[in-house]
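Subject: Structure for you to look at

Hello,

Here is the structure I said I would pass on. Please open it next to this message.

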Amino acid sequence: MHHDLDKLLEGLAQQGERVFALQSALTACKALGPDNGGPGESEKTRLIADWLEDCGVTDLLRFDAPDPRVPGGLRPNLAARLPGASSRTLWLFGHTDVVPPGDPAAWRSAPWQVRREGDMLYGRGVEDNQQALVSMLVLARELQRLRLTPGLALGLVFMADEETGNRYGMEYLLEHATGLFSPEDLFIVPDAGSRRADAIEVAEKCTLWLKVRVSGVQCHASTPHKGRNAFLAGAEMALACHALHEVFPQGNALFSPPCSTFVPSKHEPNVPAVNIVPGSDVFYVDCRLVPDVDPQDVLAQARARAEEVARRHAVSITVEEERCQPASATPADSPVVKALESAVQAVYGVRARPMGIGGGTVAALLRQHGLPAAVWSCIENTCHQPNERSSVSATLKDAQVFAHILMSCDHA
Ligand SMILES: [Zn+2]
């Protein structure tokens, strides 16, 4: 078995030119979703499916989500399976959609054409999330070429719509791919990480968005006593929301910052002229809650504060839940985390540590379905920026990390 692993690692190390070729072809697909004014991910997913079939991977499953906004009417989700000695599967997830390039002047080369500079590739999507896609593809190809049957089965999932809400991607997949995933499997989402490869994301805070609406009475600003200034009351309410961290001081060392945060953020426009006292004020609070804090308690506390402020200013204030994504966590001693730790040590020579983030990856959706997911990759962290870049050697080493996990047999 060890000899097989060595052959696989050696084979992967020689795939640099293939990484460049794959990245170039994937980037040229311009896989923007319709919310970003694009035609979706169909061309890119077809390219991936054809490439896998050419490599001899034939167990391909489609879970395409209907979406009349794109040509062909479907948002593609693709799962590929390669057999292993065990019935357990190592699942790797990559999303096919990308974000728009933004200001073209900020790019030093054409965003949809990959530029190579030493070990670095530049282009929209090369890091987010094509580094993962390419690691997954070269791993599948080398397994096929060497005719290896690893300890674990390998499952590759290519999903749509990660950048604009997952409704046609991971959410659709989890609803429709019943029986595909087992809680005994290992789940890795290579869609975040650090440059040193030492961060394994195992937990996400709860994301709670509050919408605060203050209703007062509009009047001329020269006679403020005739009105009820909704902006002024809203400002006090914003401070009261920010102060909720005093009510919910629970700490959690996995996260940075290691506590819940309460941030007044978006503010809707109010009156068009300086000499008007606003009769209405609407703003939002972005709350990120450590797993011990119940979002319903936060909502109740915010509403209690709203009553006090409303009384003082003789206005009315409502607090609504705009969005609530529950906190999620994979135990730091679960098999997928342990397997990642030892594989990262073997390939990158570093000790990776479990940590938590503010929230927002598809791993949270997997965890909500009882599937223990970890988020890991070795990336430059240039996602969504101009001149997004990805390292060829890190792409291959990430594949080697997955190879280590796949080929070892003791993940009990
Ligand atoms: Zn991503």
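Predicted model: local features only at pLDDT ≥ 70, side-chain atom pairs only at ≥ 80, totals over all residues.

Asp 128 and Asp 191 are both buried.

Aromatic contacts

The whole structure holds 7 aromatic pairs. In one of them, Phe 93 and Phe 181 have ring centres 5.8 Å apart and planes at 55°, so the pair is tilted. Phe 93 sits in strand S5 (residues 89-95) and Phe 181 in the loop between helix H5 (170-176) and S9, which puts the partners 88 residues apart and links distant parts of the chain. Phe 93 is buried at 0% relative accessibility, and Phe 181 is buried at 12%. Both rings also belong to an aromatic cluster made up of Trp 91, Phe 93, Phe 181 and Phe 187.

Another pair, Trp 376 with Phe 402, is edge-to-face, with 6.0 Å centre to centre and 90° between the planes. Trp 376 is in the loop between strand S19 (373-375) and strand S20 (389-391), and Phe 402 is in helix H11 (residues 392-407), 26 residues apart. Trp 376 is buried, with 0% relative accessibility; Phe 402 is buried as well, with a relative accessible area of 0%.

Two arginines sit over rings. Arg 115 lies over the face of Tyr 122, 4.4 Å from the ring centre. The charged end of Arg 323 is over the ring of Trp 209, at 4.9 Å from its centre.

Salt bridges

The count of salt bridges is 22. One of them joins Arg 75 and Glu 41, at 2.8 Å from N to O. Since Arg 75 lies in strand S3 (residues 74-75) and Glu 41 in the loop between helix H2 (16-27) and helix H3 (42-54), the pair ties together parts 34 residues apart in sequence. Arg 75 is buried, with a relative accessible area of 0%, and Glu 41 is buried with a value of 0% too. Both residues are part of a salt-bridge network that links Asp 35, Glu 41, Asp 67, Arg 69, Arg 75 and Asp 161.

Asp 59 and Arg 81 form a salt bridge with their closest N and O atoms 3.1 Å apart. Asp 59 is in the loop between H3 and strand S1 (60-62) and Arg 81 in strand S4 (residues 78-82), 22 residues apart. Asp 59 is partly exposed at 29% relative accessibility, as is Arg 81 at 33%.

Glu 380 and Arg 389 meet in a salt bridge of 2.9 Å, N to O. Here Glu 380 is buried, with a relative accessible area of 14%, whereas Arg 389 is partly exposed at 22%.

Regards

Note on methods
Residues numbered from 1 in each chain as written. Heavy atoms only, no water. Buried < 20%, exposed > 50% of the residue type's maximum accessible area, 1.4 Å probe, protein only. Phe/Tyr/Trp six-rings, centres within 6.5 Å; stacked < 30°, edge-to-face > 60°. Helix = DSSP H or I, 4+ residues; strand = E, 2+ residues; numbered from the N terminus. Lys NZ or Arg CZ within 6 Å of the ring centre and 35° of its normal. Salt bridge = Lys/Arg side-chain N within 4 Å of Asp/Glu carboxyl O.
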